[in-house]
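Please keep the sequence and the structure in view while reading.

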Amino acid sequence: MAEKPVWEQIGAGFVQHYYHQFDTTDRTKLGDLYSDASCLTWEGVGYPGKVAIVEKLTSLPFRSIQHSITAQDHQPTPDSCVMSMVMGQLKADEDQVMGFQQVFLLKNVDNKWICTNDMFRLALHNFGA
């Protein structure tokens with residue numbers, strides 16, 4: 001079996017690390033994956049910069065969470081970055097299981113892959129609107 005392309009290895013490794021940190025450790029440590037120039041869009045609201053991103057991620061109103069990744073795709077970009085799209089389900093506290101999508105743009109800065117852009121949405125549908 002052929003080895004996966006390097007961008008798939010980078011993207012899959014980042015995704016595994018991100019959700020492991022998110023689910024099992026202090027979420028403030030996720031700040032190490034962002035830079036001051038990074039941007040998060042969470043459910044349509046923007047959070048520019050590492051400090052704002054960490055404040056958002058640590059203020060989420062649940063005690064425990066578990067992500068289950070059902071699909072992930074990774075692509076190289078013309079400027080040597082890696083774009084990753086993740087689909088899955090999450091369970092927070094005693095809430096029902098919900099679907100989610102998340103997109104990461106990863107860039108190598110000083111031999112470390114960081115997330116420059118991050119977009120997250122729950123897969124909720126408002127069919128009555």
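**A guided reading of the model**

Q: Is Pro76 buried, partly exposed or exposed?
A: In this predicted model, the relative accessible area of Pro76 is 43%. Buried means under 20% and exposed means over 50%, with partly exposed in between. Pro76 is therefore partly exposed.

Q: Which residues does Pro76 touch, leaving out those up to four places away in sequence?
A: Pro76 belongs to strand β3. Contact is counted when heavy atoms lie within 4.5 Å. By that criterion, Pro76 touches Trp7 and Cys81.

Q: How far apart are the end C-alpha atoms of helix α1?
A: Helix α1 covers residues 6–24, which makes 19 residues. The expected span is 1.5 Å times one less than the number of residues, so the helix should span 27 Å. The model agrees with this, because the end C-alpha atoms are apart by 27 Å.

Q: Which elements are included in what covers the buried residues of α1?
A: The buried residues of α1 are Gly11, Phe14, Val15, Tyr18, Tyr19, Gln21, Phe22 and Asp23. What covers them includes the helix α2 and several strands, namely β1, β3, β4, β5 and β6.

Q: Is Gln21 buried or exposed?
A: Gln21 is found in helix α1. Leaving aside neighbours within four places in sequence, Gln21 is in contact with Lys29 and Leu30. Its relative accessible area is 12%, and the limit for a buried residue is under 20%. Gln21 is therefore buried.

Q: Which elements do the buried residues of α2 pack against?
A: In α2, the residues Ala52, Ile53, Val54, Lys56 and Leu57 are buried. These buried residues pack against α1, β1 and β2.

Q: What is the phi of Asp110?
A: Most residues other than glycine have a negative phi. Asp110 is not a glycine, yet its phi is positive. Asp110 lies in the loop between β5 and β6 and, at 76% relative accessibility, counts as exposed. The phi of Asp110 is about 55°.

Q: Where is Glu43 placed?
A: Glu43 has a positive phi of about 55° although it is not a glycine. With a relative accessible area of 30%, Glu43 is partly exposed. Its place is in the loop between β1 and β2.

Q: How many nonpolar residues are in the lining of the largest pocket?
A: The largest pocket has a volume of about 190 Å³. Of the 15 residues that line this pocket, the closest to its centre are Trp42, Leu60, Phe62, Leu90 and Leu122. The elements that give two or more residues to the lining are β3, β4 and β6. By class, the lining has 1 polar and 3 charged residues, and its nonpolar residues number 11.

Conventions. Residues numbered from 1 in each chain as written. Predicted model: local features only at pLDDT ≥ 70, side-chain atom pairs only at ≥ 80, totals over all residues. Heavy atoms only, no water. 1 Å grid on protein atoms, 1.4 Å probe; cavity = no way out; pocket = protein on both sides within 12 Å on 5 of 7 lines; lining within 4 Å. Points joined across faces, edges and corners; volume = space filled by probe spheres on them. Helix = DSSP H or I, 4+ residues; strand = E, 2+ residues; numbered from the N terminus. Nonpolar A, V, L, I, M, F, W, Y, C, P; charged D, E, K, R; others polar. Buried < 20%, exposed > 50% of the residue type's maximum accessible area, 1.4 Å probe, protein only.
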